[in-house]
Amino acid sequence: MIEIIILIFLCRSIGNKAAQKGLKAGWWKFYTVVAWVVAEILGIMIAVILFGPTNMFSIYSIAIVSAFGGYLLINYLVEKAPPVIDDNDIDNLGENLN
């Protein structure tokens, strides 16, 4: 349950970063959820292979760390994405100069 609350806050963070760059925030939030779930499933699979199916604390710990890694991947992609340039930006040059 706590991971869903964390995921909501992380999606909000990704959405804000994407919106600042002029990207579609909804899609980046969707990518964050998908990356979180896929990385968590991969973490569970790796943990079961390493520790066996009975060591639930280790499995859950590696799953959460892997899921956060999925968020970090999307965060990196948003930060490295170039900002969307509007065609009207040339008309706004120099407006913020005082």
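This is a predicted model: local features need pLDDT of at least 70, side-chain atom pairs count only at pLDDT 80 or more; totals for chains, interfaces and linings use all residues.
The protein chain holds three helices and zero strands, where helices (H or I, at least four residues) and strands (E, at least two) are DSSP runs, numbered from the N terminus. Residues are numbered from 1 along each chain as its sequence is written. Local features need pLDDT of at least 70 and side-chain atom pairs count only at pLDDT 80 or more, while totals for chains, interfaces and linings use all residues; side-chain values use heavy atoms, with hydrogens and water left out.

**Overall fold**

- From the N terminus on, the order of elements is α-α-α.
- The chain has 98 residues, of which 28% count as buried; buried means under 20% relative accessible area, exposed over 50%, and partly exposed in between (1.4 Å probe, protein chains only).
- Among contacts between residues at least 6 apart in sequence, 65% join residues at least 24 apart; a contact means heavy atoms within 4.5 Å.

**Surface**

- The accessible surface of the protein chain is about 7,100 Å², and 69% of it belongs to carbon and sulfur atoms; accessible areas come from the Shrake-Rupley method with a 1.4 Å probe, and for residues only the protein chains shown count as cover.
- A nonpolar patch on the surface is formed by Trp27, Phe30, Tyr31, Val33, Val34, Val37, Val38, Ile41, Leu42 and Met45, with about 890 Å² of accessible area together.
- Patches are made of residues with over 30% relative accessible area and no salt bridge; like charges are joined within 9 Å and nonpolar side chains (Val, Leu, Ile, Met, Phe, Trp, Tyr) within 5 Å.
- One of the patch residues, Ile41, lies in helix α2 (residues 25–51) and is partly exposed, with a relative accessible area of 45%.

**Salt bridge**

- Side chains of opposite charge can pair when their charged atoms come close.
- A salt bridge is a side-chain nitrogen of Lys or Arg within 4 Å of a carboxyl oxygen of Asp or Glu, and by this rule the count comes to one.
- The side chains in this salt bridge are those of Lys17 and Glu79, at 3.4 Å, N to O.
- Lys17 lies in helix α1 and Glu79 in helix α3 (residues 56–80), so the pair ties together parts that are 62 residues apart in sequence.
- Both partners are partly exposed: Lys17 has a relative accessible area of 26%, and Glu79 has one of 43%.

**Buried glutamates**

- Glu3, in helix α1 (residues 2–20), is buried yet has no salt bridge, and the nearest side chain of opposite charge is Arg12, 17 Å away.
- For charge, Lys and Arg count as positive and Asp and Glu as negative; His and the chain ends are not counted.
- The side chains of Glu3 and Tyr60 are joined by a polar contact of 2.8 Å; a polar contact is a pair of N or O atoms within 3.5 Å, where within protein one must be able to donate a hydrogen and the other to accept it, and residues adjacent in sequence count only if both atoms are side-chain atoms.
- Not counting residues up to four places away in sequence, Glu3 touches Trp36, Glu40, Tyr60 and Ile64.
- Glu40, in helix α2, is also buried without a salt bridge, and its nearest side chain of opposite charge, Arg12, is 19 Å away.
- With the residues up to four places away in sequence left out, Glu40 touches Glu3, Ala63, Ile64 and Ala67.

**Ile44**

- Ile44 is in helix α2 and counts as partly exposed at 35% relative accessibility.
- Leaving out residues up to four places away in sequence, Ile44 touches Ile59 and Ala63.
- The C-alpha atoms of Ile44 and Ser61 are separated by 9.0 Å, and the two residues are 17 apart along the chain.
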